[in-house]
Amino acid sequence: MSRRLAVLTAGAIAAAGSLAWSGWPPHSDYLPILICYEVIGLSFLVAGIAAWARWPASRLGLLFTIAGYLYLVPYILVNLANPVAFTIGNLSQGIYTAAVAHLGLAWPAGRLRSRFECGVVIAEYVTAAGFSVAAIVFWNPAFSGCDASCPANVLLVGDGSRPAGNAINAIGGFVGLVLTGIVLTLIVRHWRSARGWSRRAMIPLIWLAGAVGAEQIVTGSALDLPLSSLISFGLAPLVMLAGPVLFVISTVRARTAGGALGAAIVDLEPGASPGRLREALARALGDSTLQLAFRRPDGTGYLDTAGQPVEVDRPDPGRVVTRVVGSERAVLVYDQGLELEPQLVRLTAAAASMALEHSRLQAEVQAQLEQVRASRARIVQAGDAERRRLERDLHDGAQQRLVTLSLALGMARDRAAADPELGSLIESASKEAREALTELRELARGIHPAVLTETGLAGAIQALVERSPVATTITAVPAGRLPAAIEATAYFVVSEALTNVAKHAMADSAEVTICQRPGRLVVEVSDDGAGGARPEGGSGLRGLADRVASVGGALRVDSPPGCGTRLKADLPCP
Amino acid sequence: MLRVCPDASGRARCQTGSVQPAPAILIVDDHVGFRTFVRSMLEAAGFTVAEAATGGEATEAVRTIRPGLVLLDIQLPDFDGFEVARRLAAGQGGDPAPVVVLTSTREASDYGGRIAGSPAAGFLPKDQLSGAALRRFLARDRA
């Protein structure tokens with residue numbers, strides 16, 4: 001492609017140079033026209049270079065270049081002081097209009113769409129060349145005010161005939177007008193049937209077609225306006241210039257599409273839905289019809305982001321399917337015209353791939369996190385259940401046996417009244433049994449507080465407070481039952497906090513507040529002790545924070561030295 | 001009609017001038033070993049004793065036996081002692097309702113305010129069970 005570009009660029013420079021050289025020194029009257037021709041011809045060549053660079057797969061660059069040379073070369077030939085060149089130059093001056101019509105019909109792929117269109121284009125070339133040849137036979141350069149310094153018209157028959165030339169030009173102009181009408185109609189039909197990217201790509205052409213149509217009507221032979229010379233030498237070149245300029249501008253704008261794509265992906269919030277991704281990609285590509293489709297989980301077809309089925313194996317006419325690299329499920333379906341921008345499509349597919357991969361990884365991490373959270377909650381709940389079971393086993397088993405033993409020893413002691421020694425022995429055995437029972441009860445209570453299962457939070461907190469060696473008041477506690485995991489967590493928070501108050505706080509009093517808020521349970525234990533407790537320090541608070549987190553809650557410890565400690569657990573509670 | 005003061009150890013108490021016979025006691029507990037033991041202890045203390053293993057059996061037994069006191073374990077396989085006490089107080093075992101004493105291997109504090117909220121006459125930890133303790137409940141009831 002770069003070699004092609006180099007050849008084109010060199011050709012453009014050579015053509016411009018030749019034109020300047022051939023017309024040098026310029027006749028002062030013709031200088032503005034010379035500059036005008038040069039600028040227009042060059043603009044077509046520049047647009048050709050731009051088209052080749054932007055859409056290497058399209059023949060649009062070739063057509064722009066041909067139109068440019070067909071515009072420039074006749075003027076170079078006319079300016080050469082050579083009769084043959086002068087004649088050929090004059091002969092070929094109008095053929096570029098056929099090339100422009102060809103360009104318009106072949107936009108943007110550079111290919112004509114039907115045999116009819118091929119016929120129209122051939123008719124354009126034949127008309128332009130044929131009427132020029134017919135007219136030149138009767139054209140004496142002197143008719144156009146060309147003095148003796150002009151080279152001769154080698155095809156001139158006799159002295160020529162002004163009326164015959166004018167008649168041929170008038171017929172040629174009329175046929176040209178009809179053909180222009182057909183070409184413009186076809187272009188409008190192309191525009192109407194185009195969707196998405198193709199429609200956008202036709203915007204410069206539509207402007208140009210409108211301008212050419214207007215110019216043709218104004219300068220057409222049927223009309224003889226007083227300003228026709230101004231139109232011919234002022235408006236017509238401007239219209240011709242508009243085409244290449246509009247195309248180059250649209251190319252520059254398209255170049256920023258790559259940047260827009262980057263911005264679209266960067267702007268996409270993390271974990272954005274496929275629908276949002278599709279919108280971003282469509283904006284970046286300039287194709288509002290872009291579809292992002294995913295294979296159904298059962299593999300029976302594809303659905304787009306709106307949930308509509310998409311035919312991927314046999315796409316609709318004018319649609320193209322590209323698989324998103326790295327994703328086994330995702331495809332992009334877009335306007336066929338975008339095939340002219342393979343680089344942009346590749347970038348888009350890559351961006352889609354990255355975004356989908358990002359979403360997938362994020363969803364995966366989120367799912368794993370959820371799994372870990374759920375498994376942590378399950379582990380804690382299983383631990384609680386196990387503790388409840390152990391407490392119950394102790395209660396049903398060892399405690400029951402120790403109670404019976406204790407009662408039996410009591411009876412034995414009563415019956416051994418006659419033997420004081422035996423009585424004292426039984427009494428000490430009975431005392432041991434009672435102490436063992438007391439210790440076992442404490443152990444069971446530590447494993448799991450039966451009062452929590454029996455009465456819920458209010459009774460359990462009351463029991464904790466009653467056993468606390470520091471004077472503790474309960475300012476609030478919900479009376480009803482709560483989910484077991486929340487009750488247990490709230491209980492252990494208060495239990496651990498009161499244990500810490502008794503062990504470390506050197507406090508005179510403590511306060512327990514448990515408030516039920518919408519969707520939450522807030523547990524607070526505060527004391528008026530020494531403060532300075534650090535959550536990361538003691539394993540008790542660390543373990544408590546883990547326990548609170550296991551139900552999705554948060555633990556906060558405020559303990560400025562000398563200002564008491566406030567422990568607050570915020571638990572989710574339906 | 002159930003016999004009272006049936007055995008040797010009870011006779012002493014009868015002889016010390018108790019005009020009224022000691023009332024029948026219904027032990028409600030799902031542990032057979034414990035029931036058997038308590039039965040022998042209370043019979044030795046002069047009571048007539050009947051047994052029930054579940055809450056359902058308990059209300060049925062109260063209706064037929066009409067015991068003066070029900071020693072009711074809180075933990076039962078069908079419904080708990082609090083529920084049995086509520087049913088008896090509601091007259092499901094006949095009128096008048098017997099004195100109900102709740103009992104458990106646990107301590108009263110393990111049940112928070114449930115014991116105070118129950119229509120039962122009181123709570124006796126199992127390890128403190130004795131004929132004398134039950135008599136105190138009966139005496140309080142008569143008073």
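**Fold of chain B and the sheet of chain A**

Along its sequence, chain B runs α-β-α-β-α-β-α-β-β-α. This amounts to five helices and five strands, taken as DSSP runs numbered from the N terminus (helices H or I, at least four residues; strands E, at least two). The model is predicted: local features need pLDDT of at least 70, side-chain atom pairs count only at pLDDT 80 or more, and totals for chains, interfaces and linings use all residues. Residues are numbered from 1 along each chain as its sequence is written, chains are lettered from A and ligands numbered from 1 in the order written, and side-chain values use heavy atoms, without hydrogens and water.

Of the 143 residues in chain B, 50% are buried (under 20% relative accessible area, 1.4 Å probe, protein chains only). Chain B exposes about 6400 Å², with 53% supplied by carbon and sulfur atoms (Shrake-Rupley method, 1.4 Å probe). Contacts are heavy atoms within 4.5 Å. Among those in chain B between residues at least 6 apart in sequence, 62% join residues at least 24 apart.

Chain A holds an open, antiparallel sheet of five strands, ordered 3-2-1-5-4; pairing requires at least two DSSP bridges. Strand 3 (309-310) and strand 4 (319-323) of chain A are the edges; each has a single partner strand, so one side of each lacks a neighbour in the sheet. Strand 1 (residues 291-295) and strand 2 (residues 302-304) of chain A pair antiparallel over three bridges. Arg295(A) has Tyr302(A) in strand 2 as its bridge partner. Helix 11 (residues 274-285) of chain A packs on the sheet and touches strand 1 and strand 5 (330-335). Its direction makes about 145° with that of strand 1 of chain A (axes fitted to C-alpha atoms, for helices over the stretch in contact; angles from 0 to 180 degrees between N-to-C directions).
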